[in-house]
Each structure stands twice: as C-alpha cells, then as structure tokens.
Amino acid sequence: MQVNEKKPLIVAFCCNWCSYAGADLAGNNRLAYPADVKIIRVPCSCRVNPMFILRAFQRGADGVIICGCHPGDCHYTSGNYFTRRRMAMLFSMLDYLGIEKERTRVEWVSAAEGAKFAATMNDFAEKVAALGENKRLEDLRCKR
Amino acid sequence: MSHGNNNLKEELLRISGVNPKKCMRCGKCSATCPAYDEMEYHPHQFVVMVEEGNIEPLLNSDSLYKCLTCFACVERCPRGVEPAKLVEAVRLVATRRQGANHLKPDDVPGKLDEDLPQQAIVSAFRKYTK
Amino acid sequence: MQKITREVLIEKAASLLNEGVVSAVYGWKKGEFVYDVTPALFTTTEELEKEFVWGDFCGANFSKYLVASTRKIEGKILVFLKPCDTYSFNQLLTEHRFDREKVYAVGIPCEGMADVSKVKAAAGEGIIAIESTEEGLAVTTLYNDAPVVVPYAEALAERCINCKSKKHVAYDELIGEEGDVLESGRFDQVAELEAMTPDERFAFWQNELSKCIRCNACRDVCPACTCEKCVFNNPVSGAETKAPMGTFEEKMFHIIRAFHVAGRCTDCGECSRVCPQDIPLHLLNRKFIKDINTHYGEYQAGAEVGSRAPLVNYTTEDVEPCDVFERGDKNA
Amino acid sequence: MQRIGVFVCWCGSNIAGTVDVQAVSEALKLEPGVVFSTNYQYMCSQAGQQIIKDAIKEHKLTGIVVCSCSPRMHEATFRKTAAAAGLNPYMVEIANIREQCSWVHKDVPTGTEKAIILGKAAVAKVNLNAPLTPGESPVTKRALVIGGGIAGIQTALDIADAGFPVDIVEKKPTIGGKMAQLDKTFPTLDCAACILTPKMVDVAQNEKIRIFSYSEVEEVKGFVGNFDVKIKKKARYVNEDVCTGCGACTEKCPQKKVPNEFNLGMDNRRAIYIPFAQAVPKVATIDPNYCTMLKTGKCGVCSKVCTAGAIDYKQQDQIIEEKYGAIVVATGFNPISMDKFEEYAYSQSKDVITSLEFERLTNAAGPTAGKLLRPSDLEHPHTIVFVQCVGSRCENCAEKGKEYCSKICCMYTAKHAMLVRDKYPDTEVYVFYIDVRTPGKNFDEFYRRAVEEYGVHYIKGMVGKVTPEGNKLKVQASDLIMNKQVHIDADLVVLAAAIEPDKSARPLATMLTASMDTNDFFTEAHPKLRPVESPTAGVFLSGACQGPKDIPETVSQAGAAASKVIGLLAKDKLTGNPCIASPNEQMCNGCSSCERVCPYGAITYVDKEFRMPDRTTLMRRVAQVNPAVCQGCGACTVACPSGAMDLRGFASAQIIAEVDAICK
C-alpha cells in the first residue's frame, strides 16, 4: 500500500434487505464512490453491536456508517427501530467523550436508492477525510 | 402558494404556537363559532389566510374584535389547530402596530352614537392617543 | 448522621433470625479502617451484636449480592435497603435475577452517606476513628490530638448531594419514615460537559479515563452487572481485555459498560463510590439517563418491577441518531 | 483449521476489467486456512461450478469463498454447487467484488486492492463458519379462525374448500358479525343478508368446518405449524346438540326487558334469545345477567316449554384444547363510542344516531321493521343530516376519536343518503363532509349518483353543534364553499362514527405475540408485500382487524389469508432458516432483554438445571429460541448484555473477523 497519503478507511455495515441491495444498485448503475468504503453485510442493522463499531475504530477505521431500511420498512418489522435508539445513544455518548461525531453515522438507504447510497458514501468519506486520521479512538498497537 | 408576508406569518405562529398546516379544511371551527355572522373573516379563514401569509386583510378587519375568545373552535377542532389562539395572535399584532395610538381621529366619526356622551369620546381620545 | 440507630436494625434482624423468618442477614461490618465498611452476611445474633455496623459509611448496596446468595442459601435472606438500593432491587427483579420469595426486604431511611475522600481532604490522612456527632463527623487522625469536626454537608458523597429519591420502591417492611422522590440536580454536571467543546470534553475524559487501572471494581459492584459471564471475561466476545494497555481500551471498557447498563442503570452511584481512582463514572451513566429522558421520555430504571427498558423499546417517531446532538450543545 | 478454496470470477470483463483477478487469487492464496485458489471467466457457469465441485473433492475443502457478484445474485447458486459436492451449503461465503468493487471503482490498482481486502474478509469469516442444518418441524393440518364475521367466514370457507379442517371461534352466540347487521351493501345495493346468510349456511353445512360460537380463545402456545390453543366455550345453558332453534323459549320467557344488542339496544329481547332469524348455529342462549332462573333459582319457564329438553341451567364453561397449524385473526371492528362528542348531542337525543343504528332502522328485520322512523317518537323524519368523519381523522382528541380515516364512512353515508331519497323522496338529506373519498370500483359513480340522480345535498364543511329543541335538532354547520354558516332544523342526525378494532384484539395479540400498531390494528409482516401475514409466523390477518376495510376488500383479504394458510398446511414439514439466533445457556442471565426486542416472539424462557463445579445443581432461567419462529434478524444479540445470544451465520466472532480483516 502507498503510504504517501493515508486514505481514510470506512467500514459500512449494510442490512441485507435494503442497504446492501442499495449498494448493489449503485454498482449496477456504475455510481462511483471511494474505494475506502468497505461494506460488511449483516442481516439487519439491528445486528450491529456497538462492540463492532469500537472494534473497527480500534483496528484503524476512520469512520463507521450503519445503513438500514427506512424506519417502517424493516424486513424484520422493527429491527431498525432498535438500531435507531441504540445508535442514537451510542453516538451521543461518543460525542460526549469528545470523539468527532462526523466519524459515525446512521443512514436509511432502501434497495431502490442506489444513487442515495453512492451520494451518502461520497459525502461521508469526504467528511471523514476532512477530519483526518482517527486519533481519539485509536489503538497504537493496531496501527497500520 | 406562499405569496404573502412570511415574517409576519412567522411571528404569528410563534406568538400563537399554532401550526396551521395541521388544518384539514373541515370548517368545524366556523361551524361551531357563535360570532360567525358578525365576522367578515371566519375562524377557518384565519387559519388558511395566515398559512398563506395573507395577513393584512385580517389585521384590518373588524373580525378580530368580533371573536369572543370562547374557544369553542379550539375545543371542537379535530386536528388541534386552535384557531382562537391564532385570532388572538393577530389581535396582538394589530395592537402592537398601533403602538400607544389606539384611536385615530378618522375613527371617531364611526364611533359616534347618539346615546354616547360627547365627553366620553373626548376622554377616550385623550386616553388612547399618543 | 443517620436517624435510625444500629440497635434498631440489630433488633429487627435478630428477631427475624430468631423467629426463623430469615436464615441470613445482609448487613455492614467494619473493615480494616472505620470508613471502609464492608458488606457481610450474618447468620447468628451473636455475630450481629459483635460485628454489625450502621452509620455514615454504610453505602454498600446489597441488591446485587442477592443474585448469588439466594441461589446458595436455604431459606429467606434479610436485606436492608436504603431508598436508592430499592431501585436496583426492583431492576434485578425485572430481569428475573433472583427469587423475590427468598428475600425479606427491610427498607431503612438514609440521610446520605459520607465520601471518605472528602473526609480525608478535610481532616487529613491517617484516620483512626470517626464519630458521628450532632455537628458532623468528628475525625481523629494519627496526626492530630483533638478530633477534627467535618460538617455533614462537606462530607456528603456526590450521589447523596444529588439524591434522586428518599422513597423506597420495594420492601416487605419499612423502618422509620418514608420519604419522597426528589428533584435533584444530578444532570447538571452532565449538562456542563455537554456545553464544552468536543476538544474540552475529550481532554476531560482522556484525563479521567487514563486513571483507570482496570481493577473492574465498578463492574463488580454494579447491580446492573450481574451477567453469568461478563463480556470482558469472554474471549469470544471481542471485548476481552484484562489490562489497561492503552487509551483505547480504557475508553472501550467504559463505553461498552455504560452501554450495557444503559436503560437499566438506576443511578445508584456505586461505581463512583468504589472507584479507587475517583473517576466520575456516574457521569457516563447519567449521560445515558439524561439522553433517554430527553429523547424517549422520563424513565427511572427500577421504579417499578416489569417496566420495559428504553433500549429494548421503541416508538416509530423516535429521534434520528443524527439529531441527538441537538441538545443545547453550543458547538453542535 | 478450515481448508478453504478461493474462486475468483472474472465475470467476463465486468470484474476483470477493473480488478486484476490473477493478483487477487494469488494474494488470497496466502491467507490463513486457504489451501486452494484459482480464477475463472464465469464461476456461475456450468464449467465454473464444475471447477468448484472438483476442487472441493480434490482438496478436501471445508469451506469456500467465491469472489464474484453480489451474494444477492448467486449465493444460492454457489450454495447448491457446494451441496452437490458434499459440502455444507453454509460453508460458502461470497466476496462481492462486482457491484461493490469493480463496477464502482475506476482504476485497476484501486479495484484490485479493494477486491483483495473484501476477499480477505470473506476468508476470515469462512474460517469461523460452521456447518448449519435447517431445522424441521411438523405441521398440524388444521386451521383456527378467530372471529366469525364475513372475514372469518370467507377465510374458513376457502381453507375448507382446499380440504383442510377449520375451526371458527366466535365470541357472540352466532356467526355473521357486523355484516349481518347491515341492510344493503354498496356499491351494488344488494341486501347484506341475501349475500351473507347463504355463506353462513355453507359454513354450518361444511363438514370440514366446526363453529365454536359463544366461545373465546383462552390461551395460545406453540409456534407456526404447531399451535396449542385453549378455547373457552362459555356456558349458554342450552344444549347445542339438542336445541332445534324452534324459538318457543324466546317467546315465552317472562324477562322481556333486555336491551337487544343486535339492534344496538333500540328494542328489547328476552333473557333467552336467538340473536336473529338466520343465526348460525340456530341455537338459543340464556343471558345469565338477566335470566331470573340463573339469578334467583325461580322461573324455569324456558325449560318447561322446551320440547327438546335442551335447557340446562347447570351448564358450565367448557375448555376445549386443540392443535392448529395456522391461526387467522379476523376479530373485526366496532364503531367508537359517541358519548364523548357532546357537540353532537348523541347522549342527549334519541334522534342522533350512529350509522350502524341507521342500518338497523332501515333493515326490514330491525326494530321498525324497515320503516324509517325517528327513535324518539316513531315519526317519519323529513330532514336528515348526515355528519361524516365523526371521530375519524381526529388528531388531538386521542381520548375521543382516531387519527386515521375510517375508510368506509364516505361510501355507506352515500348509500344511506341514496336509500332515504329513493324510498322517501319527500325527505331532504344533507351530508356534511370534509372530503369525499371514493377510491374503488364503481365507488365514485355511486357517490355521484347520490348527488346527481337522488338529489342529496352534499355540503363541504363540518357540523359544529347539534342542539335538541322541541322535537327538532338544530344543526349548526359551516358551508365552506358558500362561506357561510348554515342552520338546519333536522329530524334525524346520523353520525358516521369512526371504527376501531374490537377490544378483544389487544389481549389476543399478546397471546399470539403478534404485533399491533398504536391504534390496536394488527401489524402486517410487510406493508406492501406481505399484507395478510402477521410478523409472527403462522398467524395471518383477515379483515378489519388489520385496518379499516369495506366488504369487497375484506373478502379479498380473507381469500388471500386463506391461500397463505393453505400454502402452509399443504406442507408436511416446515424447513427453517438455519441462520437463527441461539443462546449460550451457560452465559444466559434469563433477563428477558432478548424477548422484548424479538419481533416474532421466538424467545421463551425455561428453568434449566445446571451442574455447578461443586457438584450441586442449580435451577436457572434461560432463554430458548424457537428455530421455527426465529427469522434471524439479530436484534436479540445486541440486546443481550452478556453476549450469550449469538446469530448463526452472522456470529459476533465472524463479523469481528471481517472487521479485523478489512481494517488490517
């Protein structure tokens, strides 16, 4: 890997039914977004444990985004409502600890919103890049 | 269709705490209004006109002072729009605009009434003008 | 100074033991020093007479101990519960952590407990005796001849200054008078932190959390932390860590712990009481409580048995995660 | 250690154009566990699949990673391929290097680098995969329909028609529901009884259908395919099998002052009664609240006149236990109470009535034998005012009305107005409306007919006040088009009351662990794609219990629910999704957090005995997941404080491994 300019690393957790399909649609339509975005497929956004998010930051991620079906459209009827509460609380806590709130995001992306997926990722990657490296939740032992 | 005075509208909404967008145009407020026949603009029109920013006619209308503030419209409105509070807010704006000038010389002839003592008019004029 | 006396509690415990209503009693006993009163299980009246302690350092909340002891001990256990302890008691019942039938709960009033750090700050180190007097705590140390009197107001623990309730929400029997739920300023400090810039907040927490020695005392004392196996001890959880290897792990430990108890934490303040490094851990929990109250409606964990914790609940109109920062944070 | 094979697909130039596939397969060869790595033009082709099958056999692979298109496209394909080669299909993972890599990134170095990382993540995951086998459960081939209105009747008939036995539980003494109370039906104006009662007879005569009338569901246990249901058959003090429905008892009973609920209390019935002539089952029922014999032990008239000897004052409630494979909820609706709408004077004047009461007033079998007469003085009304949206679309009055549109009122009001004008042309009819909502086949034409052919006065505006004065009702309303306040002296005011789900629905939903919205309507599994299924597997929804509906819609939903039930009952065994939650009992606290977030009610608790290190045993509450019910969302895994709950196929360790691989 080139080390001249370290690119931000973004982990995106996408629910299988809406957002992952939305990401696929972005692909079908050849809508580009930075390669720094790496997607992890989960059955539902409610599968995302805060532990996973912290783990990603620990291992060197600079931003973590969670994508799920729009509220009310969850494949499992209520999963994303729990996601919404959990992540609202977690992000608020991270902000409270002084960790940049732009590094975390929840976005609702439906299977039809390929364009929104790409736009969201572009926007998020830009914001995270502007923040620079993740220093406040880094683990020096896991430096890339 | 917002063609009117938006600042004034904002102010009215802030004073009254009313959200006219909730109105579904059923007219139950006007159906229930005891002062309906006296009014040029009726409770539902207050809601619609404020929403459209078409507020000047309301400010200049006597309807403001015909509203009894009985709150029947507030009680009956199925959407909780509270038209009376909006009327009250318009009234307040009208009052504020006048400053201390509550009575203009032009108003006097209209208020003249055979039964009313001249003295009352004069003292009212002193009291309510700058 | 506590209003009820040690004798009243011993008499109650002894009579229940002698009548055979209970077979063991949770109470406090003297530790190595007068101020480090420790929880103890008494099974005879002799032990009670000899070792039972009650006073301004009896902060320990026994609720959590019931999880393990109700499994081991035959018969009922008598437990003395201060008002704040009763919330933990209820929360554990909500989570089916012990059998209510195996417990005889006696509610006792509490005038607030002393914080030994504050006492030491006022009277000096080397404390050998503390007497509760009308004026305050009369503290005798190795280095002074006459006792130094520390007024109660100055010795009171933070959690007691901001006491949320003097009302018992669970008991079989109440000793003394029942109090009320109080209006407290317990979120003021959280609000102060929220009002800081992110950099200031980060500096504050970096400073506080870097003191953490990962002794796990906060977890071990926490009445919400009664897991059969804690994630921090579980190698497959991805969270297992044993030592404070870097700033990340301190943060992770406290974030995850606060998140795990979010919505279940009754704000009993035991975590901050036992922290040997005096980290204001309650400020993490109170942040969650404050956020929950703001966004999902007032909720007091443990106020009633069977209530649904906010994080296992939802409404379709809940606030979006991006909007939770909008809360008077001038830097938002 | 796994023996993993990696298969990188070119997808022609779709992937190979932006990803150096050779470099990817080379790089992944070095990953832990990987023993074989190759690339090929089209992995999904016959030849490509053959490469995978051969490699599985040759290299004794225990897991495979296919770097290709989206798993949403070909995961199933490659799982089948693996299974064909004797590998557990759940040992397959896909790295999506087409939609989420080659198609969205432009240059080869970037695409290749990302493809390698995605491949590494998939390898890391497969390293922790375990073979999964879907669970199987048998299906009890019998359905339960709760509610015997038109929704329940139609569902039961359709299921029975497919050859499966069905039981209908109806809490009233007869099936028929609200439709039996109606007079005519829109938009065709055929009489409700004429089309409903034959169906009721069909139900009674169908040997596949059993009717438990005057009965309620007491308890529901079990899960899809295997429900255990307790039904309480309330004592009707009449032996159903013996009663011939001759009605002699209902004529001789001395207790004549019982409000007749079938006519909404507008006339009286006896303490022993048959709700209406075409009731099914046509069996008498004694009302224990009014029967002198049951209350004081003195009377016994009905017993004396009953030639069949069917009266049994000693009859007790009876509990019936039965197994079902599927449950259909068809609990229907009721008009809301009008008592709180003081402005309409409903409780002050007998001549202010609800639309359902109006149905009875115009019904030939109703209290006035079909003549439209005012309830107060039995005079013919000459001016009738209909008020729409009473309690519907009512946002601020939660304690009074409902926020939603009740949907059926516009049409039945048009029907009532039209019928009045048709039978009594001397009557003036006014309808006050906010909007007239008539989507539906022939619906708007119907409404226009009321206006154009029958001369009904439709006035845009709401009624503000109804004041009884003498024998008139002073109606004050607004006419928004004319911008005036109108005053009408009416003889009769008819309120189109909002409808709400039956009160029995909420406790039933709890029993079924089926979710409800804030209005107590049952929630459907998906608002668009699964409208007749509840999120709880095996529980289906029919009719107005799911939302306001008219008869045509109810009947079509009833049929749809029936077809879903038939689809379920036609199976001998249910195969589950193996990617489900499973608790580690040693670590489970039994705290109920997981149960509270489970949308399917798949989690229950049992007291389980644990052997302790000191050789004692301990009974502890632990969670259990029903594999037939769990859908694998994973909500529980995060709710669980101890981490005891994990999701197969998406285990925490697997996701963490992916995170680590991506962030490395």
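Into which domains is chain C divided?

1. Chain C is made up of domain 1 (1-114 + 162-183), domain 2 (116-155) and domain 3 (185-332), with bounds that come from an automatic or database domain assignment. The model is predicted: local features need pLDDT of at least 70, side-chain atom pairs count only at pLDDT 80 or more, and totals for chains, interfaces and linings use all residues. Residues are numbered from 1 along each chain as its sequence is written, while chains are lettered from A and ligands numbered from 1 in the order in which they are written.

2. In chain C, the centres of domain 1 and domain 2, taken over C-alpha atoms, are separated by 26 Å. Contact (C-beta atoms, placed from the backbone, within 7 Å) links 8 residues of domain 1 of chain C with 9 residues of domain 2 of chain C.

3. Chain D contains an open sheet of 5 strands in the order β10-β7-β6-β18-β29, with parallel pairing. Strands are DSSP runs (E, at least two residues), numbered from the N terminus, and two of them pair if DSSP finds at least two bridges between them. At the edges are β10 (209-212) and β29 (539-541) of chain D, each pairing on one side only.

4. Strand β18 (residues 326-329) of chain D is joined to the parallel β29(D) by 3 bridges. Within β29(D), L541(D) is the residue opposite V329(D).

5. Chain D also meets chain B: 19 residues of chain D are in contact with 16 residues of chain B. On the chain D side, β24 (463-469) and β25 (472-479) each supply at least two residues.

Methods. Helix = DSSP H or I, 4+ residues; strand = E, 2+ residues; numbered from the N terminus. Contact = placed C-beta atoms within 7 Å.
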